[in-house]
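Open the model in your viewer and keep the selection tool ready. Each stop below says what to pick and what is there.

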Amino acid sequence: MEFPKSPDGGWGWVIVAVSFFTQFLCYGSPLAVGVLYIEWLDAFGEGKGKTAWVGSLASGVGLLASPVCSLCVSSFGARSVTIFSGFLVAGGLMLSSLAPNIYFLFFSYGVIVGLGCGLLYTATVTITCQYFDSRRGLALGLISTGSSVGLFIYAALQRMLIEFYGLDGCLLIVGALALNILACGSLMRPLQAPNCPFPEKIAPENVLERYSTYSEKEKSLEENLNILDKGYSTEDKCNNTLPSGDWVQDNPQNPTAAAHKKKVVEQTYFCKQLAKRKWQSYRNYCGETVSLFKNKVFAALFIAILLFDIGGFPPSLLMEDVARSSNVREEDLTMPLISIIGIMTAVGKLLLGIMADFKWVNTLYLYVATLIIMGLALCAIPLAKSYITLAILSGILGFLTGNWSIFPYVTTKTVGIDKLAHAYGILMFFAGLGNSLGPPIVGWFYDWTQTYDIAFYFSGFCVLLGGFILLFAALPCWDACNKKLLKPAPTAFFYKVASNV
């Protein structure tokens, strides 16, 4: 089978542009949900912990459903999934304008919009990877900034729309803007091999001949007949029905009966082998998952990403309410704090990605450094009582959140390129779990203590703990790796911490 070659340009740059705008349109409102969070607190009068579930679900559901999203893109293609997901995001936002209570928002904004964003993220990344090979890193870096730019613009846009049209009008307009995703999706032309004819339809009777990978297909006609005859040895002779409706005796000498027996045997063993392969695939998947967690660095990375999202995600949702709780006046908010986080996240993604390309930079240590500095910055939030201080901390947090751009590098060096997809799917699931749990936990701390101080001390502690666990897990692995370089074991996991990316 001939696979299409990635053009590394041409229509691929159109794919980059529409993928950028797709992430801009779908992630703009969910990432800037902190502006809506304040309005929902006033509109529904619920606690901060319960209200925070809306934004956390919108960010977490897509990551939690990442295996399903990947399956949908593989089955239906990026264009179809993008168009369908555009309806999901736009419909969820418009439905949210009709929400009578916070529980309705859990479904309309949290689940529908969140699932649509997850599908769109998978679709844009998949089709970009198909169109680019040698320039794949640049292309992925460009489209990933779409969500950060969306956060920067939508934070100010939603605040302005609420001022002029109210909360419901804001959600309707933002939902209408999301319909532009349909136009972006229509430009996602599937990549096809040049001069490749359309695949011909396979007749049902030729399926077995086409899929001849099964060992039973290699059996001769006599072997197939002998297998079937053994199955019939304890039974009486039976009659077979021909397509014409006539009845003939089940005589092995009859050519029609022999051909029918051959087809029955082949179909039977086809089903048996299919079931065996499915079961074997399931066993292999479970075995690979267990082997991944035997890798100390991967196990530490799994804990670190979970703790990072529990502690590091709440600022982007709650920073506006933190400013209000710190008695910062509205006229002092020259730029929304969420906008500062958004633009600095884009800067962080680009600069950290560039740093990761330097040969003298170790991406694991760079990632650990971002976690430790972020943990310290989170612990400093309770000490900030002015807009300037909160703006500086927001910029630092936004820049360090850009470590998502180097996370795939760290994962690849930990498990190897052959296990990247499996490992990354597991890590993204737990990242979604952290995204879903983080803001409600911080909100519950506020409901309990009526202050954000303990909440952000807890967030900082989580991120610091994840960073130090990852650091300590990597150091012994470096020593063990150096000892095994002379005599490597075929089943050992290697992570050379001192190696360059």
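Select Ala-99 first. In this predicted model, Ala-99 sits in the loop between helix 5 (78–96) and helix 6 (102–131). Is Ala-99 buried or exposed? Ala-99 counts as buried because its relative accessible area is 16%, and the cut-off for buried is under 20%. Show its surroundings. Leaving out residues up to four places away in sequence, Ala-99 touches Phe-44, Phe-104 and Leu-105. Now draw a distance from Ala-99 to Tyr-109, C-alpha to C-alpha: it reads 9.5 Å, for two residues 10 apart along the chain.

**The whole chain**

Zoom out. The protein has 19 helices and 2 strands. Of its 501 residues, 47% are buried. Take the contacts between residues at least 6 apart in sequence: 81% of them join residues at least 24 apart.

Colour by pLDDT. The mean for the protein is 78, and 74% of residues reach 70 or more. Select 194–205. There pLDDT stays under 50, and the model has 3 contacts beyond four places in sequence for this stretch. Select 491–501 next. pLDDT again stays under 50, but here the model has 37 contacts beyond four places in sequence. Where pLDDT is low, predicted coordinates should not be read in detail.

Go to residues 11–31, which form helix 1. Its 21 residues reach 29 Å from first C-alpha to last, close to the 30 Å expected at 1.5 Å a residue. Look for the bend at Leu-25: about 25°.

Stay in this part of the chain and pick Cys-26. How many disulfides does the protein have? The count is 0. For Cys-26, the nearest cysteine sulfur belongs to Cys-117, 4.3 Å away, and Cys-26 is in no disulfide. Seen from Cys-117, Cys-26 holds the closest cysteine sulfur, but 4.3 Å is too far for a bond, because a disulfide needs sulfur atoms within 2.5 Å. Cys-26 is buried at 2% relative accessibility. Cys-117 is buried as well, at 1%.

**Helix 14: Ser-339**

Select Ser-339, in helix 14. With a relative accessible area of 1%, Ser-339 is buried. What lies 3.0 Å from a polar atom of its side chain? The backbone oxygen of Phe-152 does. Ser-339 is then in contact with Leu-151, Phe-152, Ala-155 and Ala-156.

**Helix 13**

Move to residues 314–325, helix 13. Helix 13 is mostly covered, with 10 of its 12 residues buried. Among the buried residues are Pro-314, Pro-315, Glu-320 and Asp-321. Others to click on include Leu-317, Leu-318, Met-319 and Val-322. Step past the helix to Asn-327: its phi is positive, near 65°.

**Helix 16**

Finish at residues 387–401. Helix 16 has 15 residues and reaches 20 Å from first C-alpha to last, close to the 21 Å expected at 1.5 Å a residue. Its buried residues include Tyr-387, Leu-390, Leu-393, Ser-394, Leu-397 and Leu-400. An α-helix has 3.6 residues a turn, so residues three or four places apart point the same way. Which helices do the buried residues of helix 16 pack against? Show helix 13 (314–325), helix 14 (337–356) and helix 15 (363–380) together: these are the partners.

Key: Residues numbered from 1 in each chain as written. Predicted model: local features only at pLDDT ≥ 70, side-chain atom pairs only at ≥ 80, totals over all residues. Heavy atoms only, no water. Helix = DSSP H or I, 4+ residues; strand = E, 2+ residues; numbered from the N terminus. Expected span 1.5 Å × (residues − 1). Buried < 20%, exposed > 50% of the residue type's maximum accessible area, 1.4 Å probe, protein only. Contact = heavy atoms within 4.5 Å. Polar contact = N/O pair within 3.5 Å; in protein donor to acceptor, adjacent residues only side chain to side chain. pLDDT = per-residue confidence, 0-100. Bend = angle between axes of the 7 residues up to and from the residue.
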